[in-house]
Amino acid sequence: DKTIYADQSGEGINIDAKTYLTYLNALERLYIIENVHAWSPNIRSASTIRSTSKKQFVDPSIAIASLGLTPEKLKHDFKLFGFFFESIVTRDVRVYASYLGGNVFYYRDTSGLEVDLIVELGDGRWGAIEVKLGGNELEKAARNLLKLQDIVIGSKLSFMMVITNTEL
């Protein structure tokens, strides 16, 4: 929240903190954005686990339409397109996880290790998912999944997956 609030003031908008929180609350109540909570496993690492939630669009098409983005514009901003792709994958994984009685989280620590999605079931089983738009990130995604597997203690890891838009 602090980062998003600080970003808006850099754009010359300058709304006060109370108004910002009111807007944020309204976006959450309207199911436009939602929090993805941080996953906190038992790990053997000197790195501190990040515990703040990250925000994602429930349906990124709303943001795309409100920004007036077209397929052509998104093709020229691959990084932005990647954020939208991750949001839609998160939405879909949440639907499948909820059917199984599970929850979806993300993992990030101070060493720089980040895994986009963690699906955790009620019995403690979990899976790790990296979301990458484009084949050039697949090796990095695989390394991140393996690093996380190595540091989780007493793991009930069921799967590791990379979701991408490319064919292998």
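What percentage of the 168 residues in the protein chain do buried residues make up? The figure is 35%. Keep in mind that this is a predicted model.

Start with the overall fold. The protein chain holds 6 helices and 6 strands. Along the sequence they follow the pattern α-α-β-β-α-α-α-β-β-β-α-β. The radius of gyration is 17 Å, close to the 15 Å that the globule rule gives for 168 residues, so the chain is as compact as a globular protein of that length. Its C-alpha trace spans about 50 × 40 × 35 Å along the principal axes. Take the contacts with a separation of 6 or more: 57% of them link residues 24 or more positions apart. The surface comes next. The chain exposes about 10500 Å², and carbon and sulfur atoms supply 55% of that area.

Strand β5 (residues 126-132) pairs with strand β6 (residues 157-164) in the parallel sense, over 7 bridges. The chain gets from β5 to β6 through helix α6 (residues 138-151), and this β-α-β crossover is right-handed. Within the pair, V131 has I163 in β6 as its bridge partner.

E86 touches V131, along with K54, Q56 and D116, leaving aside residues up to four places away in sequence. E86 sits in helix α5 (residues 78-99). Its relative accessible area is 11%, so E86 counts as buried.

Y31 lies in the loop between α2 (17-29) and β1 (33-38). Its relative accessible area is 64%, so Y31 counts as exposed. Its backbone stands out too: Y31 has a positive phi of about 60°, although it is not a glycine.

Methods: Residues are numbered from 1 along each chain as its sequence is written. This is a predicted model: local features need pLDDT of at least 70, side-chain atom pairs count only at pLDDT 80 or more; totals for chains, interfaces and linings use all residues. Side-chain values use heavy atoms; hydrogens and water are left out. Helices (H or I, at least four residues) and strands (E, at least two) are DSSP runs, numbered from the N terminus. Buried means under 20% relative accessible area, exposed over 50%, partly exposed in between (1.4 Å probe, protein chains only). Two strands pair if DSSP finds at least two bridges between them. A crossover is right-handed if, with the strands pointing away from the viewer, the path from the first strand over the helix to the second runs clockwise. Contact means heavy atoms within 4.5 Å. The radius of gyration is taken over C-alpha atoms; the globule rule is 2.2 Å times the number of residues to the power 0.38. Accessible areas come from the Shrake-Rupley method with a 1.4 Å probe; for residues, only the protein chains shown count as cover.
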